[in-house]
Amino acid sequence: QVQLVESGGGLVQPGGSLRLSCAASGFTFSNYVMNWYRQAPGKERELVAVVSNTGRTTNYVNSVKGRFTISRDNANNTVYLQMNSLKPEDTAVYYCNAVRYTAYGDRQYDYWGQGTQVTVSS
């Protein structure tokens, strides 16, 4: 069965760092684009970071550029989100997402983790 299991969330002070991990199983990890989303109460789910199948291409929402880094280790079926210089507005549940696209760029398979809470507070 397909599983995405996030870990690494917690409580951190503003300016601090956290590293989120997402362990994947049950599918061919290297064939999937990996994403990190986040959602705070009362807000829309927001795409935070994207990494290509190979790990060579990444994209970020403007609010985290220069602070967050997404990476992946295909040998270990794991995607990471390194979060530095954290701000209170980064507080949210963070979700790992795996997507496989058709040759035409449409979503074909779409898997989600259970989420991990990140709280940035002094």
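**Exercise 1. Find which backbone oxygen the side chain of Arg67 reaches, and describe the surroundings of Arg67.**

Begin with the polar contact, that is, a pair of N or O atoms within 3.5 Å in which, within protein, one must be able to donate a hydrogen and the other to accept it, while residues adjacent in sequence count only if both atoms are side-chain atoms. The side chain of Arg67 reaches the backbone oxygen of Ser63 at 2.9 Å. This is a predicted model, in which local features need pLDDT of at least 70 and side-chain atom pairs count only at pLDDT 80 or more, whereas totals for chains, interfaces and linings use all residues. Residues are numbered from 1 along each chain as its sequence is written, and side-chain values use heavy atoms, with hydrogens and water left out.

Arg67 counts as buried because its relative accessibility is 10%, and the scale calls a residue buried under 20% relative accessible area, exposed over 50% and partly exposed in between (1.4 Å probe, protein chains only).

Finally, list contacts, meaning heavy atoms within 4.5 Å. Not counting residues up to four places away in sequence, Arg67 touches Gln82, Met83, Asn84, Ser85, Leu86, Lys87 and Asp90.

**Exercise 2. Determine which strands pair with E9, and in which direction they run.**

Two strands pair if DSSP finds at least two bridges between them. Strand E4 (residues 33-39) is joined by 7 bridges to strand E9 (residues 92-101), and the two run antiparallel.

**Exercise 3. Describe how the rings of Tyr109 and Tyr111 are arranged, and which cluster they belong to.**

Rings of Phe, Tyr and Trp (its six-membered ring) pair if their centres lie within 6.5 Å, and planes under 30 degrees apart count as stacked, over 60 as edge-to-face and the rest as tilted. By this rule the count comes to 6 aromatic pairs. One of them, formed by Tyr109 and Tyr111, is stacked, with 6.5 Å centre to centre and 15 degrees between the planes.

Tyr109 is partly exposed, with a relative accessible area of 37%, and Tyr111 is likewise partly exposed, at 23%. Both rings belong to one aromatic cluster, which is formed by Phe27, Phe29, Tyr32, Tyr109 and Tyr111.

To finish, look for a charge over a ring, which requires NZ of Lys or CZ of Arg within 6 Å of the ring centre and within 35 degrees of the ring normal. The charged end of Arg72 sits over the ring of Phe29, 4.4 Å from its centre, and the charged end of Arg45 sits over the ring of Tyr37, 4.7 Å from its centre.

Notes:
Helix = DSSP H or I, 4+ residues; strand = E, 2+ residues; numbered from the N terminus.
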